[in-house]
Amino acid sequence: MFFIDNDDGRLGSIGLALQNYFQIASNEKPSRVKTSSSIPAEYLQDLDSQWNEHDKIRSEYHQKYLEISWEEIEQPEFSYFDLKLEISEKIMGCCSLCEKNCRINRRIENGFCNVNKPHISSEFLHMGEEPPLVPSHTIFFSGCNFKCVYCQNWDISQYPDHGRVLEPEKLAKIIDLRRRQGSRNVNFVGGDPTPNLPYILMTMKNSMENIPVVWNSNLYLSEHAMKLLDGFADLYLTDFKYGNNECAKSLSGISNYCEVVGRNHKIAFKAGDMIIRHLVLPNHVECCSKPLIKWISDNLGTKVVLNIMSQYRPVYNAFEHEDISFLPSKNEIREVIAYAEGLGFVNLI
Ligand code: SF4
């Protein structure tokens, strides 16, 4: 496989960058779902006490996670994973899963994302994701907390009631079946998976198989939600879009983009393996592509796996914005790739 050096069979550079993920995918070690489910936690009622308990376990988690082997996996009465689930359900009552911070009761009202009941637009073994991920059991949730005028999946992301409603137990059975059919991971995407985090946690509580969780997201989560992902997501597949806040506001309706998404990349980078995607937009090489690639280099280093994507098409409302109403030129794509190579990125997909 391409992530193994052909000459001596050792892991190549991408293999090393995603080593934990590969070990879980091949069942050499337990997933974060399995390890978090194995760590006992105290059952507490109020949210502040629950967070204290969560943060206490989280501070030791990475050491324990690296130490836990299959032989040490247990089933406590109440686990760190159960605690994450309880906290996420409470957050739904005053939603701050993402930095839109709507603070409404999601069971009776809709916030900015308009996501109410989780709807699954489709699920299948995806062969078109990055090579280390395929076959990837990709689950597309309808709805999104972004309103990108050029959304390539707008028919899913802007219609949160599109698709099927499934009990988490049923989805867990499908995930387990897909694993037995050969999936290398379960890949939660949308739209964006963030508004459905409590449902996704409940689903994985019911999954029996050992399977790496891929969190495929714009990463505009709240800091609280990022803490819940730590110890749940094995690989962060992030969509890093903009190099400045003005473009994020005008094209996606999002404030404080750089601060939030930058902060969350730093958290995610410590919490799991990572592949960063960047879709090159026409006329946004200088204002977006280059500054965000420089930010990655300065803050996460140049060994991060980076996928510079050239498949932008002007769809949905893109034609209302003259700058993005056509394809990026070949020169623009080449310039972005050359810029990343010039900074020393070694794991470009
Ligand atoms: S997920 Fe984000 S956009 Fe949706 S209701 Fe919660 S805070 Fe608002």
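**Exercise 1. Describe how helix H7 (residues 168-180) and H8 pack, by angle and axis distance.**

Step 1. Axes here are lines fitted to C-alpha atoms, for helices over the stretch in contact, with angles running from 0 to 180 degrees between N-to-C directions. Helices (H or I, at least four residues) and strands (E, at least two) are DSSP runs, numbered from the N terminus.

Step 2. This angle makes H7 oblique to H8. The classes are roughly parallel under 35 degrees, roughly antiparallel over 145, roughly perpendicular from 65 to 115, and oblique for the rest.

Step 3. The crossing of H7 and H8 is right-handed. A crossing gets this name if the near helix is turned clockwise from the far one by less than a right angle, and is left-handed if anticlockwise.

Step 4. H7 brings Pro 168, Leu 171, Ala 172 and Ile 175 to the contact, and H8 brings Tyr 199, Met 202, Thr 203 and Met 204. Contact means heavy atoms within 4.5 Å.

Step 5. Sorted by class, the contact of H7 with H8 has 7 nonpolar residues, 1 polar and no charged ones. Ala, Val, Leu, Ile, Met, Phe, Trp, Tyr, Cys and Pro count as nonpolar, Asp, Glu, Lys and Arg as charged, and the others, Gly among them, as polar.

A word on the model before we go on. It is predicted: local features need pLDDT of at least 70 and side-chain atom pairs count only at pLDDT 80 or more, while totals for chains, interfaces and linings use all residues. Residues are numbered from 1 along each chain as its sequence is written, and side-chain values use heavy atoms, leaving out hydrogens and water.

**Exercise 2. Now work out how helix H5 (residues 80-92) meets helix H8 (residues 197-205).**

Step 1. The two axes come within 9 Å and cross at roughly 155°. That makes H5 roughly antiparallel to H8.

Step 2. The crossing of H5 and H8 is left-handed.

Step 3. From H5, the residues in contact are Phe 81, Asp 82, Lys 84, Leu 85, Ser 88, Glu 89 and Met 92; from H8, they are Pro 198, Leu 201, Met 202, Met 204 and Lys 205. This contact of H5 with H8 divides into 7 nonpolar, 1 polar and 4 charged residues.

**Exercise 3. Trace the sheet: in what order do its 7 strands stand?**

Step 1. The order is E1-E2-E3-E4-E5-E6-E7, in an open sheet with mixed pairing. Two strands pair if DSSP finds at least two bridges between them.

Step 2. Strand E1 (120-126) and strand E7 (305-309) are the edges, each pairing on one side only. On average, neighbouring strands are turned by 15° against each other, direction ignored.

Step 3. Look at one pair: E1 and strand E2 (residues 136-141) run antiparallel, joined by 6 bridges. Ser 122 stands opposite Phe 140 in E2.
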